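Here is a short tour for anyone meeting this protein for the first time. Have a look at the picture, then read on.

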Amino acid sequence: MIEINKDTNSFYVGDQDKREAELHYVPSGHGIIIVDHTFVSDRLRGQGIGQELVRRVVEFARKERLKIMPLCPFTKSQFDQHQDYDDVLLK
């Protein structure tokens with residue numbers, strides 16, 4: 001299992017200075033975060049890492065009582081596929 005780390009405004013895989021996968025978000029105030037970028041290196045593609053990064057930001061949003069605006073196309077596609085994420089989706 002791959003370890004997912006948390007940093008300021010991101011979840012990532014790898015070392016802090018050499019990330020192999022990352023989901024980045026921007027706090028927007030008023031309890032909203034904007035997911036603006038998801039990246040998975042070629043070495044890790046096809047292993048569900050991107051999906052796991054989205055799952056982690058959803059868990060984070062639930063814990064912190066935040067809503068997510070998924071601007072990143074990959075994250076948006078994950079929200080479209082997982083109705084169980086609707087509770088944190090900004091509508």
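## Salt bridges

Let's start with the charges: the count comes to nine salt bridges. Keep in mind that this is a predicted model.

Take arginine 19 and glutamate 22, whose side chains meet with 2.6 Å from N to O. Arginine 19 is partly exposed at 22% relative accessible area, while glutamate 22, at 18%, counts as buried. Another salt bridge brings together arginine 45 and aspartate 42, at 2.7 Å from N to O. Aspartate 42 is exposed, with a relative accessible area of 63%.

Over in helix 2 (residues 73-81), lysine 76 and aspartate 80 are four residues apart, so about one helical turn separates them. Their side chains form a salt bridge too, 3.1 Å from N to O. Lysine 76 counts as partly exposed at 39% relative accessibility, and aspartate 80 is exposed at 53%. There's also a network: Glu52, Arg55, Arg56 and Glu59 are joined by salt bridges that share partners.

## Rings meeting rings

Now for the aromatics. Searching the whole structure turns up four aromatic pairs. One of them is phenylalanine 11 with phenylalanine 60: the ring centres are 5.9 Å apart and the planes sit at 70°, so this pair is edge-to-face. It ties together distant parts of the chain, since phenylalanine 11 belongs to strand 2 (residues 10-15) and phenylalanine 60 to helix 1, 49 residues apart. Both of these phenylalanines are buried.

Phenylalanine 79 and tyrosine 85 make another edge-to-face pair, because their planes are at 65°, with centres 5.5 Å apart. Phenylalanine 79 is buried at 5% relative accessibility, and so is tyrosine 85 at 6%. Ring pairs also link Phe11, Tyr25 and Phe60 into a cluster.

## Charges over rings

Some charged side chains sit over rings. Lysine 6 has its charged end over the ring of phenylalanine 60, 4.6 Å from the centre.

## Strands 4 and 5

How many bridges join strand 4 to strand 5? Four of them do, and the two strands run parallel. Across the pairing, valine 35 stands opposite proline 70 of strand 5. To get from strand 4 to strand 5, the chain passes through helix 1 (residues 49-64), making a right-handed β-α-β crossover.

Technical notes: Residues numbered from 1 in each chain as written. Predicted model: local features only at pLDDT ≥ 70, side-chain atom pairs only at ≥ 80, totals over all residues. Heavy atoms only, no water. Pairing = 2+ DSSP bridges. Right-handed = clockwise from strand over helix to strand, strands pointing away. Phe/Tyr/Trp six-rings, centres within 6.5 Å; stacked < 30°, edge-to-face > 60°. Buried < 20%, exposed > 50% of the residue type's maximum accessible area, 1.4 Å probe, protein only. Lys NZ or Arg CZ within 6 Å of the ring centre and 35° of its normal. Salt bridge = Lys/Arg side-chain N within 4 Å of Asp/Glu carboxyl O.
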